[in-house]
Every structure is written in C-alpha cells, then in structure tokens.
Amino acid sequence: MTTLTEGLASMGTAEPRTPVRAGRRRSGAWRFAVLVLLGLYFLIPIVASVLFTVRNGGRGGITLEHYAEIPGSEGFAAAFTRSLALAALTVVIVLVLMVPTVVLVELRLPRLRTTVELLTLMPLVLPPIALVVGVRSVLSWAPDYFLNTPLAQAFFALQKPELPWILVLVYVVLALPFVYHALDAGIRGADLKTLTEAARNLGASWPRVLVSVVLPVLRTSVLNASFLTLALVLGEYTIAAILGFETFPTWIVRISGSAPQLSVAVSVLSLMVTWLLLLLISALDRRRGTKESS
C-alpha cells in the first residue's frame with residue numbers, strides 16, 4: 001500500500017510534456033529553408049569564383065599558379081601597401097576622434113547624444129559620388145586661386161600619389177557612422193561612469209583614464225570599429241578612382257582586363273583574409289566573455 005501511494009505521489013509531481021504545435025514545426029522548416037537559400041546565395045558566387053581561379057584553361061585540371069603570381073604581380077605590392085597605410089592612418093585618426101567624443105557624451109554631455117548620432121550619420125545620407133565631386137572641386141582651387149601660396153602647397157601635399165592624405169580624410173568621414181555605433185554599443189553595455197569616477201578618485205588623469213580604463217573596457221568595440229574601417233578602406237573604389245589614385249581596389253579593376261583570373265584570385269584571397277579577421281575578433285570577444293564570467 002505504501003509503495004502504491006509513493007508511486008501515485010511521484011506520478012502527481014511529474015510535469016506533463018509540452019506538446020509541439022504544428023505551427024512551430026512549420027516555422028522551423030521555413031527558417032531552415034530561408035537559411036539554406038541565403039547560404040546558397042552567398043556561397044555559389046564564391047565557389048564559382050574559386051573554380052574560375054583554379055581552372056587550367058589550356059590543359060585542363062586544377063592549378064594554383066594564379067594565386068602564386070599575386071605577390072610578384074606588377075603594381076600589387078605598391079597598391080596593397082598603400083591601401084594598408086591608408087587603412088592604418090584612417091583607423092588611428094577616427095579612433096582618436098571618436099573614442100574621447102563617445103566617452104565625453106556618455107559622461108558629461110548626454111543631451112548631445114542625439115546630435116552627435118545625427119552628425120555621424122550624415123555620411124550615409126550624402127552619396128559618396130557627391131562627396132568626392134565636392135572634394136575634387138575644392139582641390140582644384142589650389143592651382144586656380146592659391147598658386148604659389150602655402151595653402152596651395154598644403155593642397156598639393158594632400159594629393160601625393162605615394163600616400164594621398166586626402167583619401168585618409170575622406171575615409172575618416174565615411175567611417176564615422178560605423179565607428180560611432182560600434183563604440184556606442186560598447187559604452188552602453190559597460191558601467192563606464194562608475195569606473196571612470198573610481199579612477200579619478202584614485203588620482204588618475206583623464207588621458208590615463210582613457211588608456212587604462214576606457215580602452216580595456218571598449219576593447220571589443222574598438223576591434224570591431226577598426227575591422228569595419230579596415231574593410232571600408234580596402235574595399236572602397238569610387239572615391240580613389242575619381243580622384244585618380246591607385247589603391248588596392250583600383251589595381252584589381254585595372255588588371256581585370258589583361259589578367260581576369262589573377263584579379264579574381266586577389267579578390268577571393270582578400271575576402272578570405274577579411275573572414276579570418278572577423279573570426280579572430282569573434283574569438284577574442286568570446287574569450288573575453290569567458291574570462292569575465294569565470
């Protein structure tokens with residue numbers, strides 16, 4: 001009798017199984033189908049590009065000679081090095097501008113958050129073609145109106161083909177929306193006010209607070225902003241082409257007529273490098289989250 005009572009009691013405490021509705025199953029199937037279609041949409045062009053680069057047209061079979069030709073290709077080293085230098089300068093300048101701005105808005109001027117956000121969104125509203133036409137018009141003032149003046153010399157210095165600083169300035173403007181939103185997301189997820197007040201109470205100066213407190217807290221956001229800026233500079237073609245500078249994207253377009261497989265191979269390789277950087281940032285973010293939770 002006791003065993004029967006215990007069995008009935010245990011049966012009474014067991015939770016009934018939640019039935020799976022047919023609607024949920026159908027929605028799960030639709031989600032899977034959409035993901036498969038999106039995956040095919042992105043993978044098929046990439047696979048076709050890779051097959052095009054490894055195809056040995058004359059003798060058949062597979063070859064990697066086009067990838068081996070990349071380092072020794074005419075103009076590749078100069079164009080790629082120039083784009084990397086432009087990207088590094090753009091990343092440094094935009095972070096120097098935006099990190100203190102975001103921290104200042106968060107700690108001292110919260111009423112200006114909407115204004116700053118609207119200002120940083122302006123490059124998305126203004127078409128790049130209109131921006132570059134305006135920049136080219138301003139640069140044309142140097143020989144027309146300011147010849148043999150220090151201002152003309154400054155304009156000419158911004159347009160040196162070895163390192164066109166005018167592209168750096170334009171890229172800084174274009175990167176503002178992405179950098180601001182990446183940093184703002186990190187600021188909102190951290191109790192930055194408490195940390196900075198504690199550092200200030202211990203006698204740290206504001207530059208020391210930015211370096212020792214703010215940057216470690218915003219490490220992932222800074223990496224994301226740097227990655228977005230790097231991808232923007234290495235993939236930007238219109239402004240560099242209109243202003244007449246040869247960067248990595250313009251070099252790819254220039255050789256596409258004479259060496260199409262080589263140009264596609266360079267594009268595929270740059271895409272792979274971009275993916276590796278994205279995975280590296282994701283791994284660093286996950287590792288940081290694991291350390292903080294432990």
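**Close-up views of a predicted helical chain**

**Figure 1. Thr 250 is a buried residue of the predicted model.** Its relative accessible area is 11%, and buried means under 20%. Thr 250 belongs to helix α14. Leaving aside residues up to four places away in sequence, Thr 250 touches Tyr 237, Ala 240, Ala 241 and Phe 245.

**Figure 2. The whole chain is built with 15 helices and zero strands.** The chain has 294 residues, and 31% of them count as buried. Take the contacts between residues at least 6 apart in sequence: 74% of these join residues at least 24 apart.

**Figure 3. Helix α4 packs against helix α14.** Their axes are 8 Å apart, at an angle of about 150°. α4 is therefore roughly antiparallel to α14, because angles over 145 degrees count as roughly antiparallel. On the α4 side, the residues are Phe 76, Ala 79, Phe 80 and Ser 83. On the α14 side, they meet Phe 248, Pro 249 and Trp 251. By class, this contact holds six nonpolar residues, one polar residue and no charged residue.

**Figure 4. The largest pocket has a volume of about 370 Å³.** Its lining comprises 20 residues. Nearest the pocket centre lie Phe 80, Leu 234, Phe 248, Ser 270 and Thr 274. Four helices each supply at least two lining residues: α4 (76-107), α12 (219-235), α14 (248-255) and α15 (260-293). Which helix gives the most to the lining? α15 does, with eight residues. The lining is made up of 16 nonpolar and four polar residues, with no charged ones.

**Figure 5. Helix α4 also meets helix α5, residues 113-125.** The two axes come within 10 Å and cross at roughly 155°. α4 and α5 are therefore roughly antiparallel to each other. From α4, the contact uses Met 98, Thr 101, Val 105 and Glu 106. From α5, it uses Arg 113, Val 116 and Thr 120. The classes here are three nonpolar, two polar and two charged residues. For the contact of α4 with α14, by contrast, the count of charged residues is none.

**Figure 6. Asn 148 sits in the loop between α7 (141-145) and α8.** Is the residue buried or exposed? Asn 148 is exposed, because its relative accessible area is 71% and the cut-off for exposed is over 50%.

**Figure 7. Leu 151 lies in helix α8, residues 150-158.** Its relative accessible area is 38%, so Leu 151 is partly exposed. That class covers the range between buried, under 20%, and exposed, over 50%. How far apart are Leu 151 and Trp 141 in space, C-alpha to C-alpha? The distance is 9.8 Å, for a pair 10 residues apart in sequence.

Definitions and conventions. Residues numbered from 1 in each chain as written. Predicted model: local features only at pLDDT ≥ 70, side-chain atom pairs only at ≥ 80, totals over all residues. Heavy atoms only, no water. 1 Å grid on protein atoms, 1.4 Å probe; cavity = no way out; pocket = protein on both sides within 12 Å on 5 of 7 lines; lining within 4 Å. Points joined across faces, edges and corners; volume = space filled by probe spheres on them. Nonpolar A, V, L, I, M, F, W, Y, C, P; charged D, E, K, R; others polar. Axes fitted to C-alpha atoms, helices over the stretch in contact; angles between N-to-C directions. Parallel < 35°, antiparallel > 145°, perpendicular 65-115°, else oblique. Contact = heavy atoms within 4.5 Å. Buried < 20%, exposed > 50% of the residue type's maximum accessible area, 1.4 Å probe, protein only.
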